[in-house]
Amino acid sequence: MTDALLSVKASPQAIKLDPRTKLFLMFVISTIMISGSIEGEAAYVRLVLMCVPFVLLLTVKRLKEALLYVFFCIVAWFGEAFLVYSTTGILNILIVMLSGLILRFIPIVVLGYYLVSSTHVGEFVAAMERMRVSQKLIIPMSVMFRFFPTVAEESRAIGDAMRMRGLGNKGFFSNPVTLLEYRLVPLMVSIVKIGDELSAAALTRGLGGPGKRTNIFRIGFGPWDVVLLTLVTAAAAVYLLA
Amino acid sequence: MEKKMNVKDLINIGLFTAIYVIVTFAFGMTGYIPIFMVLLPFLISFGAGIPFMLFLTKVKKFGMVSIMGALLTLVMFGTGHGWPVLVIGLITSLLSDLILSSGKYRSRAKTVAGFCVFNGWVIGNMLPLYIMRDSYFESLRSGYGDEYAAILMSLLSLWMVPVLIVLLIAGGILGAMLGRKVLKKHFERAGIA
């Protein structure tokens with residue numbers, strides 16, 4: 001997994017957006033994409049918004065993913081616009097379901113991928129602090145992101161240990177509950193322990209102290225943020241009024 | 001019992017949310033096989049029982065489940081599950097917190113109930129499928145006639161929602177029971193609960 005929210009260094013990017021802009025994009029695009037159709041004026045709005053994740057993917061140098069995304073979008077749009085009316089029976093149902101789902105969810109999923117892979121945890125925390133989100137939410141959130149890789153690593157180690165004792169995944173269908181127990185119990189024990197250590201370390205570094213903490217990341221709205229915010233706001237306005 | 005949350009509690013919330021998210025995604029992967037999509041609420045609430053029950057013994061302060069729910073729904077929203085989950089998730093986790101704190105995070109019946117309510121956020125994840133359905137079939141009907149629209153309607157029909165909720169509750173009860181059993185069998189003996 002190369003996701004930047006999970007790693008120390010964010011991937012190189014041509015346009016750097018403020019995390020708050022990304023969240024706003026996510027909100028507007030997911031709302032319009034899920035509820036819209038491909039007829040009438042709303043179709044143009046959707047077309048414009050579908051281009052946004054594509055451009056954003058390019059800015060983080062994910063050409064392959066971007067092309068794949070365009071391919072899926074075009075096929076699904078074609079399917080929904082033409083094939084739906086020229087096929088019958090089971091095939092028709094399949095096309096309707098598939099193209100509908102792809103057209104509605106792929107842009108959001110791709111945008112989510114962009115959000116996660118282009119934002120550093122520290123940057124995200126800085127943005128949350130700027131939005132005056134409570135520390136009660138910020139601290140657990142940064143811990144959570146910090147812990148995804150750790151949990152995955154521990155889980156892999158447990159899997160290895162199980163295989164060495166001949167308890168691999170093969171018992172899954174005969175006894176799923178036992179397998180769940182075997183996997184989760186050691187994981188919980190080690191996570192609780194790591195958690196204790198982490199809170200001791202965090203406390204000695206002054207987390208939860210009364211002073212205001214500083215953040216190494218500088219965030220702020222640049223020209224590209226303004227461009228995208230205007231574009232998306234305009235699209236939302238057209239969509240609501242149309 | 002101390003009322004205010006300290007840093008240790010907040011860190012614990014973050015930890016258990018991470019585990020919950022991973023369990024959710026691990027089971028969510030099975031949703032790519034269509035029939036499992038229907039079973040998803042059951043699987044997720046069953047699988048999350050063990051971590052959740054341990055979580056309840058760790059913090060025991062009002063707001064723990066709400067914060068977890070807020071983070072969880074933010075992750076779901078951020079990974080492209082649409083906005084309905086934000087609304088549903090916040091409501092269910094707040095309700096769950098109220099139920100749990102009325103039992104002081106200890107009462108057996110109330111932990112089971114609270115867990116089931118908390119898992120209601122899964123419905124929020126699936127809701128876009130049903131919201132989209134209306135606008136979608138509207139345009140479909142005008143273009144293609146009632147017959148096909150009707151067949152498709154029944155595939156994604158609204159009566160599936162109660163079925164999903166029943167599955168969710170069943171999974172929640174079983175998951176909570178398993179969680180409590182494991183808690184007694186392992187964690188209390190090991191001295192970490």
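**Exercises on a predicted model**

Just after helix α3 of chain B, B:K60 takes a positive phi of about 60 degrees. This is a predicted model, in which local features need pLDDT of at least 70, side-chain atom pairs count only at pLDDT 80 or more, and totals for chains, interfaces and linings use all residues. Residues are numbered from 1 along each chain as its sequence is written, and chains are lettered from A in the order in which they are written.

**Exercise 1.** Determine how many residues of α3(B) are buried, and name them.

*Solution.* Take the helix as a DSSP run (H or I, at least four residues), numbered from the N terminus; here α3(B) covers residues 49-58. Then apply the criterion that a residue is buried if 20 or more other C-beta atoms, placed from the backbone, lie within 10 Å of its own. The result is that 8 of its 10 residues are buried, namely B:G49, B:I50, B:P51, B:F52, B:M53, B:L54, B:F55 and B:L56.

**Exercise 2.** Describe how α1(B) and α4(B) are arranged relative to each other.

*Solution.* Begin with the axes, which are lines fitted to C-alpha atoms over the stretch in contact, with angles running from 0 to 180 degrees between N-to-C directions. Those of α1(B) (residues 7-28) and α4(B) (residues 64-78) come within 10 Å and cross at roughly 45 degrees. The helices are therefore oblique to each other, given that angles under 35 degrees count as roughly parallel, over 145 as roughly antiparallel, 65 to 115 as roughly perpendicular and the rest as oblique.

**Exercise 3.** State which residues of α1(B) meet α4(B).

*Solution.* With contact defined as C-beta atoms, placed from the backbone, within 7 Å, B:I13, B:F16, B:T17, B:Y20 and B:V21 in α1(B) meet residues of α4(B) including B:M64 and B:I67.

Key:
Buried ≥ 20, exposed ≤ 12 C-beta atoms within 10 Å, placed from the backbone. Helix = DSSP H or I, 4+ residues; strand = E, 2+ residues; numbered from the N terminus. Contact = placed C-beta atoms within 7 Å.
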